[in-house]
Amino acid sequence: AHACIPLTPWEAHLMHYRFGAPQERIYVVSNGVEEVFLDSLKVVRGEWLVCTAIITGRKRVLELAAAAIRAQTPVWIIGKPYSETDPYARKFYDLARQHPQLIRYEGAISDRTRLAGIYRAARGFVLLSTMESLSLSALEAGACECPLLLTDLPWARTTFLQAASYCPLTRSVAVTAQVLRKFYDAAPSLPLPPKPAAWNEIGRQLKTIYERVLNAR
């Protein structure tokens with residue numbers, strides 16, 4: 001390949017260390033976000049944490065809900081399952097119905113302006129997934145100056161560094177609840193994540209790489 005384009009410094013490391021890609025041919029280009037998130041207006045933040053994710057095992061939405069109930073921290077889950085009959089999703093639905101004061105669930109939200117407003121008004125954004133490349137939801141929430149709590153995985157650490165909070169990947173509801181409560185209490189005073197680039201800027205970065213590759217041939 002004339003150029004390898006990872007989303008994060010962690011992927012760049014894997015390309016070089018694991019697959020032998022030459023360092024001089026690796027260019028890190030992040031995901032971008034839509035302008036609606038970057039242009040969203042500041043509002044008074046509310047009491048709800050928000051999580052935008054598919055209702056499936058690898059996103060650990062059910063585990064987040066259980067930890068939120070234990071920690072007494074209200075969480076708004078936005079998303080839908082691959083199938084309404086999926087056993088994991090059914091368990092999440094049951095838990096949400098049993099604890100409506102702490103678990104808010106209304107399905108997915110496709111209106112991007114409304115979603116930006118939700119991020120702006122949220123106390124914080126939480127994503128406790130087991131695997132990601134680079135979460136668009138986390139970038140969109142960050143564009144709306146929403147504090148972030150992410151699973152402590154390399155993609156997150158190398159992208160957000162000290163500008164996010166981290167939760168260990170664990171099966172312990174008690175441990176997750178403790179981290180969640182600490183994040184909830186500290187959220188108003190936490191540092192804001194850096195503003196991501198708009199997609200137009202990402203396009204310019206890619207164009208520059210293509211031009212560099214073509215000129216070198």
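# A guided tour of the predicted model

By the ring-pair rule, the count comes to 5 aromatic pairs; rings of Phe, Tyr and Trp (its six-membered ring) pair if their centres lie within 6.5 Å, with planes under 30 degrees apart counted as stacked, over 60 as edge-to-face and the rest as tilted. Select phenylalanine 92 and tyrosine 93: they form a tilted aromatic pair, 6.2 Å centre to centre, with 55° between the planes. Next, select tyrosine 119 and phenylalanine 125, an edge-to-face pair at 6.0 Å centre to centre and 75° between the planes.

This is a predicted model, in which local features need pLDDT of at least 70 and side-chain atom pairs count only at pLDDT 80 or more, while totals for chains, interfaces and linings use all residues. Residues are numbered from 1 along each chain as its sequence is written, and side-chain values use heavy atoms, with hydrogens and water left out.

**The rings**

Now go to arginine 104. A charge sits over a ring if NZ of Lys or CZ of Arg is within 6 Å of the ring centre and within 35 degrees of the ring normal. The charged end of arginine 104 sits over the ring of tryptophan 48, 6.0 Å from its centre. Arginine 104 also lies over the face of tryptophan 76, at 3.5 Å from the ring centre.

**The whole protein**

Zoom out and show the cartoon. The protein has 9 helices and 6 strands; helices (H or I, at least four residues) and strands (E, at least two) are DSSP runs, numbered from the N terminus. Along the principal axes, the C-alpha atoms fill a box of roughly 65 × 40 × 35 Å. The radius of gyration, taken over C-alpha atoms, is compared with a globule rule of 2.2 Å times the number of residues to the power 0.38. With 217 residues, a compact globule would have a value near 17 Å, and the protein, at 18 Å, agrees. Of the 217 residues, 46% count as buried.

**The sheet**

Select the strands. In what order do the 6 strands of the open sheet stand? The order is E3-E2-E1-E4-E5-E6, and the pairing is parallel; two strands pair if DSSP finds at least two bridges between them. Strand E3 (103-105) and strand E6 (165-167) stand at the edges with a single partner strand each, so one side of each is left without a neighbour in the sheet. Direction ignored, neighbouring strands are turned by 25° against each other on average.

Focus on E1 and E2, which pair in the parallel sense over 4 bridges. Cysteine 51 stands opposite isoleucine 77 in E2. In a regular strand the side chains alternate between the two faces of the sheet. From E1, Leu49 and Cys51 point one way and Val50 and Thr52 the other way, and all are buried. Then move to strand E4 (residues 124-127) and strand E5 (residues 148-151), a parallel pairing over 3 bridges. Here valine 126 stands opposite leucine 149 in E5.

**Helix H3**

Select residues 61-71, helix H3, which packs on the sheet and touches strand E1 (49-52), strand E2 (75-78), E3 and E4; contact means heavy atoms within 4.5 Å. The direction of H3 makes about 165° with that of E2, where axes are lines fitted to C-alpha atoms, for helices over the stretch in contact, and angles run from 0 to 180 degrees between N-to-C directions. H3 is mostly covered, with 8 of its 11 residues buried, among them Val61, Leu64 and Ile69. The cover over these buried residues includes helix H4 (87-98) and helix H8 (173-186). Just after H3, glutamine 72 takes a positive phi of about 60°.

**Two loop residues**

Go to serine 40, in the loop between helix H2 (35-38) and E1. Is serine 40 buried or exposed? Serine 40 counts as buried, at 14% relative accessibility. Leaving out residues up to four places away in sequence, serine 40 touches Ala116, Arg120 and Cys144. Serine 40 and tyrosine 119 are 79 residues apart in sequence and 9.3 Å apart in space, C-alpha to C-alpha.

Finish at glutamate 145, in the loop between helix H6 (136-143) and E5. Glutamate 145 is buried, with a relative accessible area of 18%.

Methods. Buried means under 20% relative accessible area, exposed over 50%, partly exposed in between (1.4 Å probe, protein chains only).
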